[in-house]
Amino acid sequence: MITDSIGNYLTSIRNAIMANHKTVTVPSSNIKKEITKVLLDQGFILNYRLNADSSFEKIQIALKYNSVTNISAIKGIKRISTPGLRKYCSAQDLPRVLNGLGIAIVSTSKGIMTDKKARKLNIGGEVVCYVY
């Protein structure tokens, strides 16, 4: 039984990057779709699409690499709030990842967004992960 589906999602992306795969396919859920949208908006992935060919929906993510050096746009992706230990922050206490070079993905009452957008809207929430 899977207890941390978001952790498995992030680990699948991390493993695909370490293996230099161009795409990765993961089981879909609403929160994974929203995290994938944030990664696309911030330029960490090329594209994604939803595949409903089997009994359950999957997300196919096209990873982004530098064409010359073949280095991934995602240097690191780390789970922060786990099912066993949730991490919540107010708008003033939201973390800055690598002094603003990375992003923290935050689950707020207004949806999934980056730490910068949450700070701008002055709302806090659960810090899901760091991406840099």
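How many bridges pair strand 1 and strand 3 (residues 58-63), and in which sense do the two strands run? Strand 1 and strand 3 are joined over five bridges, and their pairing is antiparallel.

The structure is a predicted model, in which local features need pLDDT of at least 70 and side-chain atom pairs count only at pLDDT 80 or more, while totals for chains, interfaces and linings use all residues. Residues are numbered from 1 along each chain as its sequence is written, and side-chain values use heavy atoms, with hydrogens and water left out.

Strands here are DSSP runs of E with at least two residues, numbered from the N terminus, and two strands pair if DSSP finds at least two bridges between them. Three strands form an open antiparallel sheet in the order 1-3-2. Strand 1 (23-27) and strand 2 (45-51) stand at the edges with a single partner strand each, so one side of each has no neighbour in the sheet. A hairpin of six residues leads from strand 2 to strand 3. The table lists two residues with their partners in strand 3.

| Residue | Partner in strand 3 |
|---|---|
| Pro27 | Lys58 (bridge partner) |

Strand 2 and strand 3 are themselves joined by six bridges and run antiparallel.

Turning to side chains, the charged end of Lys22 sits over the ring of Tyr65, at 4.7 Å from its centre; this description requires NZ of Lys or CZ of Arg within 6 Å of the ring centre and within 35 degrees of the ring normal. Leu98 is found in the loop between strand 5 (88-89) and strand 6 (103-108).

Key
Helices (H or I, at least four residues) and strands (E, at least two) are DSSP runs, numbered from the N terminus.
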